[in-house]
Amino acid sequence: MRIDPKTWLKSMDALPVAVFVVDDSIRPVYLNHEARALVSKPAGNSGKPLNERDLLHLLNIKTADSNQPYPREQFPVLRALRGEKASVDDIALKLGRKTRFFQVSATPIPAENDGPRFAVATFMEISARKKMETQLKWRNLELQSLIDQVSAGKQELRALSKRLLRVQEEERRHISRELHDEIGQALTVLKIKLQTLPPSGDDAHGEQAVSPKNMREILASVDHTLGQVRNLSMDLRPSVLDDLGLPAALRWYVDRQARDSSMDIRFQSLSSIDRMAPEIETACFRLVQEALTNTIRHSLATKARVLLERDPDGIHLRILDDGSGFDVNRAHEKARAGGSSGLLGMRERVRLLEGRIDMKSDSENGTRIIAFFPLSSPDGDLKEEGS
Ligand SMILES: Nc1ncnc2c1ncn2[C@@H]1O[C@H](COP(=O)(O)OP(=O)(O)O)[C@@H](O)[C@H]1O
Ligand SMILES: [Mg+2]
């Protein structure tokens, strides 16, 4: 059965794409409704056929992305006339003031008995897709620039955080020495002077001297103050940490906390440990200080253990107590909302040295804080920043 050509020409007019049929001199021999609309040629204007100029120049074909004239020899219609099947979707047409984007496909129509060659071309509008692609491209660029800003900001914050911790430690060390050397010294001198005062009675000018009982009280009070100054100095920055290193400092600190709290707290070093980068020694010490303070303050524990171990990769630190435990996630949420800084401070110290920390706690097993500090990379870069 044959379809009446009028019928299929009519259906071609109903297609939502522009269809051109051109002969081998690029003269259009057929345009459907959309094609005529595209080149603004009135229907049935066969007296003035479209020519090559009409098709290429009148349509002002540009490449969609670079807005450059489209390379002529690659234009699908011309390729189809050379016998190739071609399709491109980067064609921009400036139609009036508007630029519209098309996917252009062309196929050769085989010549019949040495007759002229024809090609059929379709122009399918893809402006909406192009617009979305362009928007997407911009969004991606914006997103990338935001990501870059955030990661630069993160790096800056990290560097700042490291610097702050270092300055804080230096400041503590300074105040600690000042307290120990200056104020401690002054109090010791005061004590010696008081001890060498003449015994009770009136002095040479007839003034009443201090009674032995009062003197004992004054001396006890000076001793007490001296002890407090020493403790304060040691808490700020124990000189043993700088002088003898981490295990010695931890042993001293744990023994003192055990004595003061009457809890069974012990320290064990599971391998021989040499001196390490000062920032790692400091971080470990501060972690133990914070964790044991929490144990004593919050846990109702009877026992606590501090274990230090070194392996080829780094340093492992464990602080365990047999207390009542706590909800670690809730405590972190509260801390992030501005509640407290102890647990977050521990995490931050570990993070800055590229280590790991794990906090587990429940009412049956108490609290276990397990931290690891790598001994390779981060100490070097910390030192660099300090200089
Ligand atoms: N070892 C522990 N045993 C029981 N509770 C703890 C322990 N460590 C921390 N906590 C709980 O976590 C909370 C947050 O601790 P932290 O951030 O150090 O703040 P702070 O000690 O100032 O309250 C504590 O208030 C306490 O409720
Ligand atoms: Mg705390």
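**Exercise 1. Locate Ser 11 in the secondary structure and decide whether Ser 11 is buried or exposed.**

Solution. Ser 11 sits in helix α1, which covers residues 5–14, where helices (H or I, at least four residues) and strands (E, at least two) are DSSP runs numbered from the N terminus. The model is predicted, so local features need pLDDT of at least 70 and side-chain atom pairs count only at pLDDT 80 or more, while totals for chains, interfaces and linings use all residues. Residues are numbered from 1 along each chain as its sequence is written, and chains are lettered from A and ligands numbered from 1 in the order in which they are written.

The next step is the neighbour count: a residue is buried if 20 or more other C-beta atoms, placed from the backbone, lie within 10 Å of its own, exposed if 12 or fewer, and partly exposed in between. Ser 11 is exposed because 10 other C-beta atoms lie within 10 Å. As a further distance, the C-alpha atoms of Ser 11 and His 33, which are 22 residues apart along the chain, are separated by 10.0 Å.

**Exercise 2. Describe how α8 and α9 are arranged, and which residues meet.**

Solution. Two packed helices are described by the angle between their axes and the distance between the axes. The axes are lines fitted to C-alpha atoms, for helices over the stretch in contact, and angles run from 0 to 180 degrees between N-to-C directions. For α8 (residues 246–261) and α9 (residues 278–298), the axes come within 10 Å and cross at roughly 15°.

Angles under 35 degrees count as roughly parallel, over 145 as roughly antiparallel, 65 to 115 as roughly perpendicular and the rest as oblique; α8 and α9 are therefore roughly parallel to each other. The crossing of α8 past α9 is right-handed, the term for a near helix turned clockwise from the far one by less than a right angle, with anticlockwise being left-handed.

Contact requires C-beta atoms, placed from the backbone, within 7 Å. On the α8 side the residues include Leu 246, Tyr 253 and Ser 261, and on the α9 side they include Glu 281, Phe 285 and Ile 296. By class, this contact of α8 with α9 has 9 nonpolar, 3 polar and 1 charged residues, where Ala, Val, Leu, Ile, Met, Phe, Trp, Tyr, Cys and Pro count as nonpolar, Asp, Glu, Lys and Arg as charged, and the others, Gly among them, as polar.

**Exercise 3. Repeat the analysis for α5 and α6: what is the angle?**

Solution. Helix α5 (residues 127–195) and helix α6 (residues 212–236) pack at an angle of about 165°, their axes being 8 Å apart. The two helices, α5 and α6, are therefore roughly antiparallel to each other, and α5 passes α6 in a left-handed crossing. The contact of α5 with α6 comprises 14 nonpolar, 7 polar and 3 charged residues.

How values were computed: Two residues are in contact if their C-beta atoms, placed from the backbone, lie within 7 Å.
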